[in-house]
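Here is a short report on one protein model.

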Amino acid sequence: MPVRPLTTNPSGLFAALASLDDESARERLAALVPELIRHNRLYHETDAAEIDDRTYDMLYRELELLESRFPEHIRDDSPTRRVGGAPVSHLEPFAHRVPMLSLSNAFSDDELRDFDTRVKRFLGDDAPEDVAYVVEPKLDGLAAELVYEEGALVGAGTRGDGLVGEDVLHNVVTIRDIPRTLAGDTSGFPSRLSVRGEIFYPLAGFAAMNQRRVAEGSKAFENPRNAAAGTVRQLDPAVAAQRPLTFFAHSFGEAEGVEPAPTHWEQLERIAQWGLPANPLNRRANGIEEVIRLIEELGGNRHDLAYEIDGAVVKVDDVDKQATLGAVTRSPRWAIAFKFPPPQVTTTLQHVGFQVGRTGAITPVAHLEPARVGGVTVSRATLHNQDQLVLLDIRIGDQVVIERAGDVIPRVVRAVPDDGHDARPKPVFPEACPECATPLLKDPEQAVIRCPNQLSCPAQLRAAVRHFASRRAMDIDGLGAKLVDQLVDRGMVKRVSDLFTLTRSQLTNLERMGGKSADNLLQALDVSKERPLNRCLTALGIPEVGESTARDLANHFRDIDALMAASTEELVAVHGIGEVVAEHVVKYFADGRFRAELARLRQLGVQFPALPPLPEASDDAEDAAPLLTGKTFVITGTLPTLDRAEAKSRILAVGGKVTGSVSSKTDFLVAGEKAGSKLSKAQELGVAVIDEAGLLALLTPPTP
């Protein structure tokens, strides 16, 4: 029987609850909690709510009042316990014990048929005439993994690079649709269950949230996908708790201690049985032609859904056949993502502006009459470069077709032909930088026109400072885009190194910068001086040197001076470094301007800390492996010389495993500075706690 509110009059709730004794309150809570969870799932999963918003609000309010009167009976799975805990200082790494693979893409029916042909070819004699598939909507959200142990939610992480993501449990527990404990008979729970899925915003909830933000004087979020990713990565769970995120599960990573599901469809059924939300639009298909029909049907209805999708995912249903098919590089052979064509609309080109990027590249930008494209209002779109501008032959005042490439980046596709096109003015590419008036230069190797004033051009400087301070570079907390603009526009920062000369009195004269904020920023700048070498290299903004390449260079050369002295030949010898990257690195460090800036950064205290020398290879190097094979490590806090990626790679190299959360199965916690709650939990559980020196001792083969 459905649970009904005790009264429909909010002011009468106190009187209605006053007569409840302890036992009656416990029974009422036992009925209210699962009922509210059920209504949440009905509303978000099936868009088939059984009660109106007011009835739901009355039930929820009753739950809050009961829990305030009888706190000893508050259940762990209560919807009111979604606020989460205290803010975290930073996001810890989250290791996936089973890699979260990416999918290859198909863009046409013929490519789907080619996929089916490949599946049958790999299955050989075991291939049926019509392979059984499952077709699922491809949500436009943030990929995440949830980990349950003995039915309780103990971990949650983003996909990251498929091997290591970010620990976001503090925010995931605030999402109402994600149960803290699995539903059903506890004897049937896996001892460990990892579930993969997408965290996303329903469109109605996203629109309502934006209305509230605008009413409060905040900027509206541009699109649900980016907003979901940003919310889940917030440090303060109170922020996530106020936002209407939801979740659909789509697969298992692990399901230990239970009989394996023979088909993917049965995996989805188990997901639903355990109280995890699965998409009600998932369908089974017998053969690739039925797959194509179901995808066409899904595409025809995509704009009527309560959330954004950008395609469909097709998976071989039989789990044994999935194992036979295996994976190639980072993608499974048994699954593929079909991408819908990007949505297109027609609008008016008002004018063309020219934007200066971090590397000095000048990008023409179309300024448009605002138009809705795939649920997002678009007023600007990229025109890529001068060659593309000429090829499109668009004129100011033309009607143009725009689309969101990849359903994210708006671009101009073409002009709509009409009789007035030839009479309209052409946009003219500038000869001088629109920011600093420096004459522009054509890159002889690329279709790019650049401003060569790399160190002093305000636009390049603003972009360089933002990049330098970004989370994956120096991670300077509090140095956001608006503050960077103020610092550059007021002449307080004329080059990146000027950041480390800022004073409290300078900062407090800026808009919205009080004494406490200034102190926090100065402290963040001071802390950033000790960032690991690879992060410092990322921050420098060397052309073609991103996060991964910076890590490869740091791990190989171990020291900034050794890298600066490296020749093109020495750089090309590094795994993952090609000739183009090598030439950019050599050119960067040969430029006197950049060497002077690097020297000033070091003079101002940026340490570019050298990594410890690697142990010399020996025939006994494998002796360490038996000691660590199968051992589980958790890394927390800031280590003196190793960054986490390197520490993890060293552990994996000798057979160990790295996870993101401490449990009774953890063998070692590697604790650095500001180890936090993981250290406390490890001590409670009796897990061995070691520092970086202890880890290096474990990794170093014993002396014979």
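Buried means under 20% relative accessible area, exposed means over 50%, and partly exposed lies in between (1.4 Å probe, protein chains only). At 24% relative accessibility, Asp 485 therefore counts as partly exposed. The model is predicted: local features need pLDDT of at least 70, side-chain atom pairs count only at pLDDT 80 or more, and totals for chains, interfaces and linings use all residues. Residues are numbered from 1 along each chain as its sequence is written, and side-chain values use heavy atoms, with hydrogens and water left out.

**Salt bridges**

A salt bridge is a side-chain nitrogen of Lys or Arg within 4 Å of a carboxyl oxygen of Asp or Glu. By this rule there are 37 salt bridges.

| Pair | N to O distance |
|---|---|
| Arg 472 and Glu 166 | 3.9 Å |
| Arg 462 and Asp 485 | 4.0 Å |
| Asp 475 and Arg 535 | 3.9 Å |

Which parts does the pair Asp 475 and Arg 535 tie together? Asp 475 lies in the loop between helix 13 and helix 14, and Arg 535 in helix 17 (residues 533–540), so the linked parts are 60 residues apart in sequence. Helices (H or I, at least four residues) and strands (E, at least two) are DSSP runs, numbered from the N terminus. Asp 475 is partly exposed, at 29% relative accessibility.

Arg 472 is partly exposed, with a relative accessible area of 39%.

Some salt bridges form a network. One links Arg 97, Glu 149, Arg 192, Glu 254, Glu 256 and Lys 665.

Strands of a sheet pair through backbone hydrogen bonds, either parallel or antiparallel. Two strands count as paired if DSSP finds at least two bridges between them. This open sheet has the order 2-13-10-3-9, with mixed pairing. Strand 2 (105–106) and strand 9 (283–286) stand at the edges, each with a single partner strand, so one side of each has no neighbour in the sheet.

Strand 10 (residues 309–316) runs antiparallel to strand 3 (residues 132–139), and seven bridges join them. Within this pairing, Val 134 stands opposite Lys 315, and Val 135 has Val 314 as its bridge partner. Strand 10 also pairs with strand 13 (residues 335–339), antiparallel, over five bridges. There, Lys 315 stands opposite Ala 335. Is strand 10 enclosed or open? Eight of its eight residues are buried, so strand 10 is largely enclosed by the rest of the structure.
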